[in-house]
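Welcome, and take a moment to look over the model below. A short tour follows, arranged by topic.

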Amino acid sequence: MEVEYVYTKKRSEFGRQCLFAESGTKLLENIAPNKDLLNQYVLENPVHRGTQLSREYAEHEVNTVRAEYTQHGCNHTEGGWPRDINIADLEQTQRFRKKVEKDDSYINTVLQLSNSMEFCILQNNAFNIYEMYFDDLESGCLVDKSSARTVNMYRDPCPIKRPVTHVSWSPDGGSRIAVTHCNFDFQRAPSDLSTASYIWEVENPNKPEHTFQWPVAMSCLEYSPKDPHSLVSGLLSGQVACWDTRRGAEPVDVSVLETSHRDPVHNCIWINSKSGTEFFSSSMDGQVKWWDTRKMEEPLETLVLDANKDEQLLSRAMGASSLEYEPTIPTRFMVGTENGMVLACNRKGKTPAEKMSMQFKAHPGPVVALQRNPGFIKNFLSVGDWTARIWSEDCRESAIMWTSYHPALLTDGCWSPTKLSVFFTTRMDGVLDVWDILQQQREPCLSIKVCDEALRCMRVHEVGQLAAIGNDKGNVCLIEFSENLAVTNKNDKTLLTHMFERESRRERILEGKSREQRLKAKVHGSETAVKGPKTNQSAEFRAQAERDFFAIVNKEIQQMAQASENMPTPLDQADMGMAEDGAAGRKASVAGLPAGSRRASSEAPGGASPRGRRASDAIGGSPKGSLRPEDVAGGAGSRAVSQSSESQASQKASPEASLQAPEAGASAPASPRPSQAEDGASPGQQSKRSSKS
C-alpha cells in the first residue's frame with residue numbers, strides 16, 4: 001500500500017508565496033497488525049560459517065619469527081648490588097666491578113647473554129609490512145605549461161572611475177584586500193570626484209566590506225602585519241593617517257599638515273618595532289619620515305635624500321618614487337628615486353653619508369618598483385622605464401641580470417613570496433609578464449593580457465598562487481596562477497644560489513677591468529673615463545693622433561730652422577766638398593768634357609746650379625733615402641721637413657748665382673771657385689760663360 005498526500009493549488013495562485021501555519025497532528029492512515037502474515041515469515045540463521053581448506057601462512061614470508069616483548073627491571077637500591085656495597089660510594093662500586101670482571105665465570109656469562117642479545121639485534125632487520133616506500137621523497141612538480149586565470153573582479157563603485165594606486169593583503173591569511181583609488185593628474189580631476197577607498201572581502205566581489213572616507217584622497221593604504229584591523233595611509237595632501245576597521249569610515253588620527261610631506265605620499269610601510277605602531281613614509285618632495293601612530297603630531301625622524309655630504313638641502317633632494325623594507329633587517333631600507341637612482345640606507349647612521357651608504361644608477365627614468373628577494377636578501381629587483389633589473393649589493397656599477405626592453409612602459413613588479421626564482425611585471429598595455437629566471441632569461445615564461453587598460457599596481461598573496469592587480473579604470477583583478485609558478489622544487493634554491501654567485505662574479509670582473517681602464521685614462525690625461533664601449537671612441541683616437549702628429553711636425557720645423565741659422569753658407573760648403581774630391585781627378589774629368597757639356601751642367605733644371613744642389617743636400621743633413629729617428633717617429637712629418645729644407649736651400653742659392661756674373665773689369669774673388677780651377681780660364685771668360693748660363 002502506498003501512502004500519498006495530494007497537495008492541490010489553484011492555477012491563479014501559482015508563483016504565490018507559500019504560507020505555512022501551525023496545526024495539530026493528523027492521522028493519515030492506520031495499518032493494523034495482521035497475524036496471518038506471521039505464518040508467511042521464515043526464520044533464517046544469521047550466522048555464516050566457512051571452511052578454510054588451505055594451510056595458514058604468515059602475513060609476510062620473511063617475518064617468520066615473532067618478537068615477544070617483556071618488560072622487567074632491577075632496582076639496584078634494593079637487591080641489585082650486594083648488601084655490603086654502598087652504591088653511593090663510587091670507590092666501592094668500582095672495586096666491586098673490577099672484582100667481577102676478574103672472575104672466571106664472567107666471560108661465560110657474557111657469552112651466554114650474547115645469543116639473546118644477537119637475537120634482539122637481528123629483530124631490527126625484520127621487514128615492516130606497513131612501510132611506505134619512497135615516503136621521504138618530495139612530490140616533484142611535473143613540468144607542465146604555465147597558466148593563469150581570472151578568479152574575481154572588484155570594481156570601483158563610484159560612477160566616475162579612478163585609477164587604482166595601491167593594493168594590500170590582510171595579514172590574517174589574505175582574506176581581505178585594501179584598495180586605494182586616486183587621480184594624480186594635477187588640477188584635471190573633476191570637483192565632484194570621490195575620495196573613498198575600500199576594503200574588499202575576497203569571496204564577495206559585489207560590495208566592499210568597509211569604506212574609508214576623508215576630504216583628501218588616499219594614495220596608498222597598508223595593512224599592519226600584526227593587527228588585521230589597523231592600517232596606515234598616505235594622503236594626496238602629503239599627510240599620513242592611521243585607520244581602524246572597528247572605528248568606522250573616519251581615520252583614528254591624521255598628521256599635521258605643517259610637519260607632513262610637501263607632495264603626495266607614494267609609499268607607507270610598517271616597521272618591525274617592539275610596539276608595532278611605527279611606520280615610515282616617502283614622497284616626491286625628497287623626504288623620508290618615520291611616524292608613530294600613538295603620536296601623529298610630528299614625525300619621529302626625517303631624512304632628506306640629498307647625496308651631498310656637506311650640507312643637506314631640500315631643494316637638491318631626490319624625489320622618492322618607491323620604497324623597500326625587509327623586516328629581517330629592521331634598520332636598513334632602500335629608496336628608489338625619480339631620477340633612476342637606488343639608495344641603500346641605514347637608519348642608524350649618524351651622518352647623512354652613513355645613512356645613505358650605497359647608490360646604484362638603476363634606470364634612466366623613475367624607479368617604479370623595488371623589492372628584495374625573499375630568499376636572497378643581498379639581491380633586489382628594480383623596475384623602471386622599459387626593463388626590470390636584478391642587482392647585487394656587491395656590484396654597484398651594473399646589474400647582474402636584466403630583462404629585454406619591452407614595447408610598453410613597466411608600471412610595477414615584485415617577487416613571488418614562495419618560489420624564489422619567479423617575479424612579475426605589469427605593463428601599460430595591460431599585459432602581466434611572469435618571469436622564471438631558472439627556466440629562461442630572454443623572454444617571460446607566461447604573458448597574460450589582463451585587460452585593455454593600463455595596469456598600475458600589483459601585490460602577490462603570501463601563498464604565491466594569487467595576485468591582485470589594479471588598472472586605470474578602477475578595477476582590481478584577482479589572478480590565480482598554476483602550481484608550477486608557486487611551488488618551489490627541491491633544487492631551486494641551490495641552482496639560484498649558483499646563478500647569483502656566477503653572475504655577481506662575472507660583474508665584479510667587468511667592474512675591475514672598467515676601473516683599470518679608467519685609471520689608465522686618468523694617467524694619460526684623458527678627460528673622459530672609459531666606462532664601456534662608445535660610438536665616438538674611434539673619433540677621439542683619430543683626433544688625438546692628429547694632434548700628436550702636428551706637434552711632432554712643428555717641433556721638427558723649429559729644429560730645422562735653428563739648425564739652418566747656425567749652418568755655414570752653401571758656397572763654403574760647395575768649395576769644401578770640391579776640395580775633398582781631389583784636384584787631379586777633377587781636372588782630368590773636366591778636361592775630357594767638351595765646352596757644351598760644361599755649360600749644360602751649369603744649366604741645371606729649375607735654374608739652380610750644381611752648387612745649389614750640393615747646398616740643398618748639405619742643408620738636408622743626410623744623403624737621399626736616409627731618415628733620422630725623429631723623422632721616422634713623425635711619419636709624414638719627415639717628408640714635410642725635407643721639403644722645407646730644400647726650399648730654404650734654394651733661397652740661399654739665389655744670391656750665390658748672382659755672384660757668378662760680376663761686372664767687366666772686376667777682380668777675381670778671394671777664394672777660387674771650382675769652375676776657375678778646373679779650366680784655368682781668365683775672369684773675363686768666366687763672366688761670359690756665366691752670362692750665357
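Which residues do ring pairs link into a cluster? They are Phe280, Trp290, Tyr325 and Phe333, where rings of Phe, Tyr and Trp (its six-membered ring) pair if their centres lie within 6.5 Å. Please keep in mind that this is a predicted model, in which local features need pLDDT of at least 70 and side-chain atom pairs count only at pLDDT 80 or more, while totals for chains, interfaces and linings use all residues. Residues are numbered from 1 along each chain as its sequence is written, and side-chain values use heavy atoms, with hydrogens and water left out.

**The whole protein**

- The protein has 15 helices and 28 strands; these are DSSP runs numbered from the N terminus, with helices being H or I of at least four residues and strands E of at least two.
- Of the 693 residues, 35% are buried, and buried means under 20% relative accessible area, exposed over 50% and partly exposed in between (1.4 Å probe, protein chains only).
- The accessible surface comes to about 44800 Å², and carbon and sulfur atoms account for 52% of that surface; areas come from the Shrake-Rupley method with a 1.4 Å probe, and for residues only the protein chains shown count as cover.
- Taking contacts between residues at least 6 apart in sequence, 49% join residues at least 24 apart, a contact being heavy atoms within 4.5 Å.

**Aromatic pairs**

- The whole structure holds 16 aromatic pairs.
- One of them joins Phe380 and Trp391, whose rings are stacked at 6.4 Å centre to centre with 5 degrees between the planes; planes under 30 degrees apart count as stacked, over 60 as edge-to-face and the rest as tilted.
- This pair links distant parts of the chain, with Phe380 in strand β19 and Trp391 in strand β20, eleven residues apart.
- Phe380 and Trp391 are both buried.
- Trp415 and Phe423 form an edge-to-face pair, 5.5 Å centre to centre and with 70 degrees between the planes, and both of these residues are buried too.

**The cavity**

- Rolling a probe the size of a water molecule over the atoms shows where empty space is left.
- There is one cavity of 30 Å³ or more; on a 1 Å grid over the protein atoms alone, a cavity is a set of points where a 1.4 Å probe fits but cannot get out.
- The largest cavity has a volume of about 40 Å³, where grid points are joined across faces, edges and corners and the volume is the space filled by probe spheres set on the points.

**Residues to look up**

- Tyr106 lies in helix α4 (residues 105-122) and is partly exposed, at a relative accessible area of 35%.
- Beyond four places away in sequence, Tyr106 touches Val100 and Glu101.
- Lys355 sits in helix α5 (residues 352-355) and is buried, with a relative accessible area of 14%.
- Not counting residues up to four places away in sequence, Lys355 touches several residues, among them Glu301, Leu303 and Arg347.
- Asp385 has a positive phi of about 45 degrees although it is not a glycine.
- Asp385 belongs to the loop between β19 (379-384) and β20 (387-392), and counts as buried at 8% relative accessibility.
- Glu338 is in the loop between β15 (332-337) and β16 (341-346), and is partly exposed with a relative accessible area of 39%.
- Glu338 and His363 are 25 residues apart in sequence and 9.4 Å apart in space, C-alpha to C-alpha.

Terms used
1 Å grid on protein atoms, 1.4 Å probe; cavity = no way out; pocket = protein on both sides within 12 Å on 5 of 7 lines; lining within 4 Å.
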